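Notebook open, model loaded. I want to go through the chains and then the cores.

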Amino acid sequence: MATPQRFGSSALLLEHDRPFLLAKAISTLRDPEMLDVVVGASTVLVRYAAAIDLEAKAALLVGLSIDEHSGAPPLVIEIPVRFDGEDLGLVATATGLDPADVIDLILQTEFQALFCGFVPGFAYLGGLPDALHLPRRTTPRRSVPIGSLAIASGYAGIYPQSTPGGWHLIGSTSMPIWDIERRPPGLIEPGALVRFRPETTR
Amino acid sequence: MTAIEVLATGWLTTLQDRGRYGYGSLGVPAAGAIDQSLAALVNRLVGNPDDTVVIETTTGFEIQALGKLTLASSLGAEVFTLGPGERYRLASDGGRNFAYLAVRGGLEVEPVLGSRSQDTLTGTGPIPLRPGRVLRIGDDPGTPIHTDSAPVRPLPLVIRLWPGPHLDSFDDSAVAALIETPWCSTASFNRVAMRLDGPALVRRNALDIQSLGLIPGALQVPPDKQPVMMLRDHPVTGGYPVIAVVDDEDVHAVAQCQPGSPFRFVWADGSGR
């Protein structure tokens with residue numbers, strides 16, 4: 001594993017090609033001075049309480065082994081989706097596929113949440129088939145309906161709240177992605193596997 | 001049991017404590033008082049635990065006491081009392097951007113994800129303060145009140161910097177500019193971030209950065225080449241290059257620097273880069 005880099009006076013940044021695995025291993029250390037572990041696209045940021053010995057913390061992390069087969073297997077989350085997105089037709093045209101093919105590709109894919117960001121609970125889902133890779137919309141929408149399933153830049157994602165958004169809307173779910181009262185509040189955490197199935201009732 | 005009523009709130013008047021940690025991977029910022037040491041000071045003056053929730057403000061707020069209260073503000077830095085019906089107004093004008101008010105006993109507000117801090121980026125936290133809101137005051141902590149005033153330490157003008165992960169992607173002139181020229185805070189700030197005013201920081205290459213975790217003090221450089229320092233409500237991850245990171249202990253000093261006030265950076269590791 002690459003050497004942890006100092007990130008200011010109380011945080012360390014580590015590079016990794018599957019950051020959610022590294023983050024999971026780091027979290028098992030149960031260090032009371034470790035405040036948070038933040039998964040990025042190709043890095044993990046570890047935040048510590050102020051005035052700690054950062055060199056000593058780095059040494060603890062270097063010795064960490066990441067055994068992807070140890071511990072619980074990733075959670076598989078099944079999300080019911082209605083393919084009623086405003087941009088489904090647009091995506092079909094842009095990719096040269098039938099809307100039915102777009103839907104099939106989504107339903108057949110096992111996605112993996114790589115990291116979260118943008119708004120609480122928004123997970124960037126990797127594994128989108130190449131045939132569906134499109135750049136973001138040139139003009140973002142000022143408001144995207146809560147629960148919208150969208151794709152862009154090789155990712156899929158579900159908007160946990162109604163926010164501005166620049167991704168292509170292909171469907172929607174009524175399953176709450178973010179619920180502040182729930183523990184954990186986010187349905188999809190980095191590393192979780194996500195599959196979509198057709199929604200039968202709403 | 002006594003209470004206060006909020007009569008008026010100016011810009012960025014929020015409830016803050018130590019903040020909430022452990023939710024970064026879900027996209028929730030830590031929030032918390034921008035100037036933790038000042039929030040702790042006013043709490044200590046009234047005999048509260050350091051991390052009791054306080055009211056943080058920039059342009060000010062006005063409250064009315066609905067009973068007898070004991071308070072301390074970061075402007076006066078001494079304890080005072082209010083009787084029932086008395087009004088009080090606090091605004092930051094004492095050479096700092098953010099001011100604090102502590103009430104002995106604290107404010108009874110339900111914590112959200114373990115903290116009473118209001119995060120202005122995602123809206124996580126207690127309901128925002130509005131005129132008409134009544135906040136109950138907690139029980140007397142039974143601790144001594146500090147009757148002598150505590151001096152508020154002056155802000156340091158030399159700010160310690162650590163190299164950022166993308167420092168090498170910047171031109172030598174940019175790296176030199178960080179240290180050799182004075183920087184100023186600007187009026188372009190909120191609880192999320194503060195733009196700094198100084199020379200353009202040019203990159204050696206224009207390679208895209210993969211989104212990475214951030215902390216308060218991280219200096220991001222967007223395409224317009226002016227650095228932006230992250231503050232407490234910063235987005236948990238960001239895609240702009242991070243040239244350097246302000247030392248934890250000095251972040252509040254930059255955040256509290258009134259617009260146009262100059263300061264200088266030095267490398268915290270004493271290197272001559």
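This is a predicted model: local features need pLDDT of at least 70, side-chain atom pairs count only at pLDDT 80 or more; totals for chains, interfaces and linings use all residues.

How many positive and negative side chains does chain B have, and how far apart do the centres of the two sets lie? I got 22 positive and 29 negative, with the centres 2 Å apart. For the tally, Lys and Arg are positive and Asp and Glu negative, while His and the chain ends are not counted; each charge is placed at NZ of Lys, CZ of Arg, CG of Asp or CD of Glu.

Residues are numbered from 1 along each chain as its sequence is written, chains are lettered from A and ligands numbered from 1 in the order written, and side-chain values use heavy atoms, with hydrogens and water left out.

**Chain B**

I looked up the secondary structure and found three helices and 19 strands (DSSP runs numbered from the N terminus: H or I of at least four residues for helices, E of at least two for strands). The radius of gyration is 20 Å, close to the 19 Å from the globule rule for 273 residues, so chain B is as compact as a globular protein of that length (taken over C-alpha atoms; the rule is 2.2 Å times the number of residues to the power 0.38). I noted 57% of the 273 residues as buried, meaning under 20% relative accessible area with a 1.4 Å probe, protein chains only. Of the contacts (heavy atoms within 4.5 Å) with a separation of 6 or more, 75% join residues 24 or more positions apart.

**Chain A**

Here I found four helices and 13 strands. Its C-alpha trace spans about 55 × 35 × 30 Å along the principal axes. Of the 202 residues, 51% are buried. I also have 16 positive and 22 negative side chains, their centres 6 Å apart.

**Cores**

Next I checked the nonpolar cores (buried Ala, Val, Leu, Ile, Met, Phe, Trp, Tyr and Cys joined through side-chain atoms within 4.5 Å). The largest has 44 residues, and Tyr100(B), Leu178(B), Leu201(B), Leu219(B), Ile243(B) and Phe265(B) have the most contacts inside it. Helix H1 of chain B, residues 36-45, gives the largest share of this core, five residues. Apart from that core I found another, of 28 residues, including Val44(A) and Tyr124(A).

Which residues does Leu178(B) touch, leaving out those up to four places away in sequence? My list reads Leu161(B), Trp183(B), Leu201(B), Ile243(B), Ala244(B), Phe265(B) and Trp267(B).

Terms used:
Buried means under 20% relative accessible area, exposed over 50%, partly exposed in between (1.4 Å probe, protein chains only).
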